[in-house]
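Here is a short report on one protein chain. Look over the sequence and the model before reading on.

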Amino acid sequence: MTIYAVYIINKAGSLIFHYDNVPIREPVQKTFTYPIDIKFREGERLIVHYGEQSDIKVGYALVSVNGTPVSGKLMPDGQKILDFLGEANNYPVTLQFQLPRPSANERIMLASMFHSLWAIASKLSPERNSSGIEVLEAESFHLHCLHTLTGLKFLLMADPGQPGVGTLLKKVYEIYADFALKNPFYSLEMPIRCELFDHHLQKLIEQAGHAGAF
């Protein structure tokens with residue numbers, strides 16, 4: 001079983017901590033002829049937007065062109081990758097793709113979106129004092145949320161079969177209380193930068209991965 005990530009969102013909807021534990025997958029490589037049958041979405045990097053194939057999925061990032069690593073939208077010589085792929089005389093071309101981890105900006109955006117969805121769910125609930133979203137279930141992961149009385153949201157993304165997630169979330173909250181709140185240099189609602197908190201959280205996540213339920 002696997003714990004993929006932990007996010008902490010303050011009551012204003014800002015991301016104040018994240019811990020990623022998603023294993024990095026091996027790149028997928030394929031040689032293409034002209035014209036390429038994949039469409040890309042431009043952002044901080046080129047992401048597969050249309051033309052999903054057997055091993056190359058929507059959301060995968062382009063990480064290499066003809067064996068040369070790329071991390072953004074430009075070739076090492078400064079040429080735009082899309083311009084390079086648009087020229088027939090550059091083919092055949094060998095590309096590598098990899099499922100990327102979220103960038104800092106993407107994490108901030110996702111935290112803000114979840115905060116808004118949680119608020120909407122609370123308002124739509126027919127019950128008063130609704131706890132909002134507690135679990136979002138997807139095919140490959142479950143996203144669990146613990147909402148505290150002070151307005152903090154602890155998010156834990158785990159394998160669908162991971163047992164004891166409720167107990168694990170409470171233990172994350174206990175670590176936060178012990179090693180962040182009791183830190184005299186920590187200010188409430190601000191990003192958490194505490195080595196002891198990081199150390200104990202990582203240890204907890206590793207134990208959960210090996211032992212399963214708590």
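Which residues have the most contacts inside the largest nonpolar core? They are Ile-8, Leu-156, Tyr-176, Ile-192, Phe-197 and Leu-201, in a core of 25 residues.

## Model and overall build

This is a predicted model: local features need pLDDT of at least 70, side-chain atom pairs count only at pLDDT 80 or more, and totals for chains, interfaces and linings use all residues. Residues are numbered from 1 along each chain as its sequence is written, and side-chain values use heavy atoms, with hydrogens and water left out.

The protein chain has four helices and eleven strands. Both are DSSP runs numbered from the N terminus: helices are H or I with at least four residues, strands are E with at least two. The C-alpha trace spans about 60 × 40 × 35 Å along its principal axes. Of the 214 residues, 38% are buried. Buried means under 20% relative accessible area, exposed means over 50%, and partly exposed lies in between (1.4 Å probe, protein chains only).

Contact means heavy atoms within 4.5 Å. Take the contacts between residues at least 6 apart in sequence: 56% of them join residues at least 24 apart.

## The nonpolar cores

A nonpolar core is a set of buried Ala, Val, Leu, Ile, Met, Phe, Trp, Tyr and Cys residues joined through side-chain atoms within 4.5 Å. The largest such core here has 25 residues. H3 gives the largest share, seven residues.

Leu-201 shows who meets whom. Neighbours within four places in sequence aside, Leu-201 is in contact with Val-6, Phe-17, Tyr-19, Val-172 and Ile-175. Another core lies apart from the largest one. This other core has 20 residues, including Leu-46, Val-48, Ile-56 and Tyr-60.

## Helix H2

Helix H2 covers residues 104-124, 21 residues in total. At 1.5 Å a residue it should span 30 Å, and its end C-alpha atoms are 31 Å apart, which agrees. The expected span is 1.5 Å times one less than the number of residues.

Which residues of H2 are buried? They are Arg-107, Ala-111, Phe-114, His-115, Trp-118 and Ser-122. These cover an arc of only 105° around the axis, so they sit on the same side of H2. The arc is taken from the directions from the helix axis to the C-beta atoms. Asn-105, Lys-123 and Leu-124 are exposed, on the face turned away from the buried side. The cover over the buried residues includes strands E1 (3-9), E2 (15-20), E9 (135-137), E10 (142-147) and E11 (153-158).

## Strand pairing around E8

Two strands pair if DSSP finds at least two bridges between them. Strand E3 (residues 28-32) runs antiparallel to strand E8 (residues 93-98), joined by five bridges. Gln-29 has Gln-96 in E8 as its bridge partner.

Strand E6 (residues 61-65) is also antiparallel to E8, with four bridges. Here Val-65 has Leu-95 in E8 as its bridge partner.

## Salt bridges

How many salt bridges does the structure hold? There are three. Each is a side-chain nitrogen of Lys or Arg within 4 Å of a carboxyl oxygen of Asp or Glu. Asp-20 and Arg-107 meet at 2.4 Å, N to O. Asp-20 lies in strand E2 and Arg-107 in helix H2, so this pair ties together parts 87 residues apart in sequence. Asp-20 counts as buried at 16% relative accessibility. Arg-107 counts as buried at 11%.

Arg-45 and Glu-106 meet at 3.1 Å, N to O. Arg-45 lies in the loop between strand E4 (39-42) and strand E5 (46-50), and Glu-106 in helix H2, so the pair ties together parts 61 residues apart in sequence. Arg-45 is buried at 18%, whereas Glu-106 is partly exposed at 28%. Asp-178 forms a salt bridge with Lys-182, with the closest N and O atoms 3.4 Å apart. Asp-178 is partly exposed at 37%, and Lys-182 is exposed at 61%.

## His-144

His-144 lies in strand E10. Buried or exposed? His-144 is buried, with a relative accessible area of 14%. Leaving aside neighbours within four places in sequence, His-144 is in contact with Glu-134, Val-135, Phe-154, Leu-155, Leu-156, Val-165 and Leu-169.
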